[in-house]
Amino acid sequence: MKSVEIPAPHFDLAMTLDSGQVFHWEKSGDGFAGSIGDRATYVEQAGEVLRASFGDEQLECFKHSSLKMIVSDYFALDHPLAEICASFPNDPVMNAARDFCRGLRIIRQPMWECLATFICSSMKQVAHIRQISKKLRERFGQPLEIDRPSPRRRRGEAITVFTFPSAERIAASSEIELRKCGLGYRAKNLLATARLVASGDVDLAMLAQLSDHDLRARLCALPGVGAKVANCVMLFACERLRAFPIDVWIERVLRAKYFPRARRLNARRLRTFTEEYFGTHGGYAQQYLFHHARKSRTKTNKKRRTGRLSPSRACDNVSVLNS
């Protein structure tokens, strides 16, 4: 097993992995087990340092510095987070989200993995997307083993992780097989898009070189891809940090906090507003707003179930997130 330590200032590993941008990492001991591309990886955080471990059989040809770069690049540790946060609009909603999400970074995901995962995400909550991702990996991916480090530096517990299946592997399956992973109607779209990619009719590497406008248009032409999924792929896989995915959570926040009196508010108006108001780092702003809203809602629901939320406070939270 090979291990590396990487400086990681202004980074919160747990929050980043739980923020709804990536869905396969699982808590294991003091860290998380998952994969970076086709590499089984265990990573944990100690203050401003990340400790990452890889299986020896996978990375015999990699130098120590290369392993550090793999982790650093994946978690976008080079993004100037202080500068990005300083660019956010100065309003109470954005300020609260920024303060809550300190250390959250936009991960650089493999493009096919990101595209396929978000095709599966339509009308699904984060927990459901995690289940679908896990089933797809276990059914069609490649199993890899890695040892979770032992505190006494002895051989640790063996962990099995699964890579995300390639477009070719998905393309060779069937809609019936994919439905067994809980995809429902999304199975047809995932299969169709996988076959376009596997056949070479769609070149993802080429698409990634296009302008924002052209990239979004080409992505939206794929089966199962609308504006929201396209913007997710642009943000999480292509590093287009202006991209601002609008899902149910974000639309609720925008309507309640930025357009509380608007009677007519269509998708075009929201899109124009987010592009102009949140600007160059709109994708980061979106992710902070999304994560803050999702976690605030979870906390509110827990308080309501235990009877610790006053009626007036409950109404305040409902009006913000459910209007």
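Let me begin with a definition: a residue is called buried when its relative accessible area is under 20%, exposed when that area is over 50%, and partly exposed in between, using a 1.4 Å probe and protein chains only. What we are looking at is a predicted model, in which local features need pLDDT of at least 70 and side-chain atom pairs count only at pLDDT 80 or more, while totals for chains, interfaces and linings use all residues. Residues are numbered from 1 along each chain as its sequence is written, and side-chain values use heavy atoms, with hydrogens and water left out.

I will start with charged pairs. Side chains of opposite charge can pair when their charged atoms come close. A salt bridge here is a side-chain nitrogen of Lys or Arg within 4 Å of a carboxyl oxygen of Asp or Glu, and by this rule the model has 14 salt bridges. One of them joins the side chains of Asp18 and Arg130, with N and O 3.4 Å apart. Asp18 sits in the loop between α1 (13-17) and β2 (26-28) and Arg130 in helix α6 (residues 126-140), so this pair ties together parts that are 112 residues apart in sequence. For the names of these elements, helices (H or I, at least four residues) and strands (E, at least two) are DSSP runs, numbered from the N terminus. Asp18 is partly exposed, at a relative accessible area of 25%, and Arg130 is partly exposed as well, at 23%. Asp18 and Arg130 also belong to a network of salt bridges that includes Arg294 and Lys295.

A second pair is Glu239 and Arg108, whose closest N and O atoms are 2.8 Å apart in a salt bridge. Glu239 lies in the loop between α12 (227-236) and α13 (248-258) and Arg108 in the loop between α4 (92-100) and α5 (111-119), so parts 131 residues apart in sequence are tied together. Here Glu239 is partly exposed, with a relative accessible area of 35%, whereas Arg108 is buried, with 17%.

And which charged residue is buried yet has no salt bridge? That is Asp247, and the nearest side chain of opposite charge, Lys228, is 5.1 Å away, where Lys and Arg count as positive, Asp and Glu as negative, and His and the chain ends are not counted. Asp247 is found in the loop between α12 and α13, and a polar atom of its side chain lies 3.2 Å from the backbone nitrogen of Trp249.

Let me turn to the interior. A nonpolar core is a set of buried Ala, Val, Leu, Ile, Met, Phe, Trp, Tyr and Cys residues joined through side-chain atoms within 4.5 Å. The largest one has 70 residues, and those with the most contacts inside it are Trp112, Leu136, Leu190, Leu219 and Tyr288. Apart from that core lies another, of 21 residues, among them Ile6, Leu17, Ile70 and Tyr74. If we count as a contact any heavy atoms within 4.5 Å, and set aside residues up to four places away in sequence, Tyr288 touches several residues, including Leu81, Phe88, Met94 and Ala97.

Finally, helix α4. Val93, Met94, Asn95 and Ala97 are buried in α4, while Ala96, at 31% relative accessibility, counts as partly exposed. Ala96 and His292 are 196 residues apart in sequence, and their C-alpha atoms are 8.1 Å apart in space.

How values were computed: A polar contact is a pair of N or O atoms within 3.5 Å; within protein, one must be able to donate a hydrogen and the other to accept it, and residues adjacent in sequence count only if both atoms are side-chain atoms.
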